[in-house]
Amino acid sequence: LDPALDLTDEVCDKGAAITAPRIEKLLEAEKTSDAKKLYKSAKEVYGTYPELEKAGKEIDVVSDIVAKRKALKESADNARELEDIDQKMEIYQNLVDSLPAKQKEVNDVASKAGVASTTPVKAAVKSFNTVCQDITAARKLVIREKAYEYKEKIGEVFARETPTTGSGKKG
């Protein structure tokens with residue numbers, strides 16, 4: 001709608017009431033840019049309403065959580081591409097060590113905004129926690145890979161035949 005239109009209060013009330021759930025659905029799908037556009041236009045057309053203010057807070061929180069999740073996932077993807085197992089293990093260990101602080105930060109952001117219990121924020125937090133679990137699982141796989149590397153080295157040592165010197169049964 002064009003913001004220049006002169007709408008009645010009843011139309012604005014209903015418009016804001018309809019727009020807020022749509023913004024929430026966009027946020028649940030992590031379409032934050034679409035949600036921001038809809039929020040901005042709704043605020044221009046309908047004005048300030050509690051439903052829209054809540055949606056604005058949700059947009060900010062979900063955008064922040066999605067950005068943190070993408071950064072974390074990018075770090076894990078970079079580690080996954082490395083060839084050196086020791087380097088990979090070190091990066092994954094650093095990521096895993098930082099996870100509790102990052103999860104607390106995500107929960108604090110949602111709590112401070114007062115929208116931690118809303119569906120879009122819960123979905124974003126769940127998605128963030130899933131990435132955290134994936135990183136922990138990836139670290140375990142790298143540790144297992146390193147263990148197999150050690151097992152192969154040990155097997156090579158025990159499979160080696162010692163040279164005979166002439167003493168003993170076969171010498």
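Is D64 buried, partly exposed or exposed? In this predicted model, D64 has a relative accessibility of 26% and counts as partly exposed, where buried means under 20% relative accessible area, exposed over 50%, and partly exposed in between (1.4 Å probe, protein chains only). Because the model is predicted, local features need pLDDT of at least 70 and side-chain atom pairs count only at pLDDT 80 or more, whereas totals for chains, interfaces and linings use all residues. Residues are numbered from 1 along each chain as its sequence is written, and side-chain values use heavy atoms, with hydrogens and water left out.

The protein chain contains 5 helices and 0 strands; helices (H or I, at least four residues) and strands (E, at least two) are DSSP runs numbered from the N terminus. Along the sequence, the pattern of the protein chain reads α-α-α-α-α. Of the 171 residues in the protein chain, 30% are buried. Contact is defined as heavy atoms within 4.5 Å. Among contacts in the protein chain with a separation of 6 or more, 73% involve residues 24 or more positions apart.

Two packed helices are described by the angle between their axes and the distance between the axes. For helix α1 (residues 9-28) and helix α3 (residues 50-81), the axes come within 9 Å and cross at roughly 15 degrees. This arrangement makes α1 roughly parallel to α3. Axes are lines fitted to C-alpha atoms, for helices over the stretch in contact, and angles run from 0 to 180 degrees between N-to-C directions. Angles under 35 degrees count as roughly parallel, over 145 as roughly antiparallel, 65 to 115 as roughly perpendicular and the rest as oblique. The crossing of α1 past α3 is left-handed, a term used if the near helix is turned anticlockwise from the far one by less than a right angle, with clockwise giving right-handed. On the α1 side, the contact is made by A16, T19, A20, I23, E24 and L27, and on the α3 side by E51, L52, K54, A55, E58, I59 and V62. The residues of this contact comprise 8 nonpolar, 1 polar and 4 charged; Ala, Val, Leu, Ile, Met, Phe, Trp, Tyr, Cys and Pro count as nonpolar, Asp, Glu, Lys and Arg as charged, and the others, Gly among them, as polar.

T19, located in helix α1, is buried at 8% relative accessibility. When residues up to four places away in sequence are not counted, T19 touches L38, A42, Y46 and L52. In helix α3, R69 is likewise a buried residue, with a relative accessible area of 12%. Leaving aside neighbours within four places in sequence, R69 is in contact with E30, S127, F128 and V131. E30 is placed in the loop between α1 and α2 (32-46) and is partly exposed at 27% relative accessibility. Most residues other than glycine have a negative phi. E30, although not a glycine, has a positive phi of about 60 degrees.

Side chains of opposite charge can pair when their charged atoms come close. The whole structure holds 11 salt bridges, each being a side-chain nitrogen of Lys or Arg within 4 Å of a carboxyl oxygen of Asp or Glu. K68, partly exposed with a relative accessible area of 23%, forms a salt bridge with D64 (3.3 Å, N to O). K68 and D64 are 4 residues apart in helix α3 and are therefore separated by about one helical turn. The side chain of K68 also meets that of E105 in a salt bridge (2.8 Å, N to O). K68 lies in helix α3 and E105 in helix α4 (residues 85-113), so this pair ties together parts that are 37 residues apart in sequence. E105 is partly exposed, its relative accessible area being 40%.

Within helix α4, D108 and K104 are 4 residues apart, which means a separation of about one helical turn. Their side chains meet in a salt bridge (3.0 Å, N to O). D108 counts as partly exposed at 29% relative accessibility, whereas K104 is exposed, with a relative accessible area of 53%. A network of salt bridges links D86, K146, E149 and K153.
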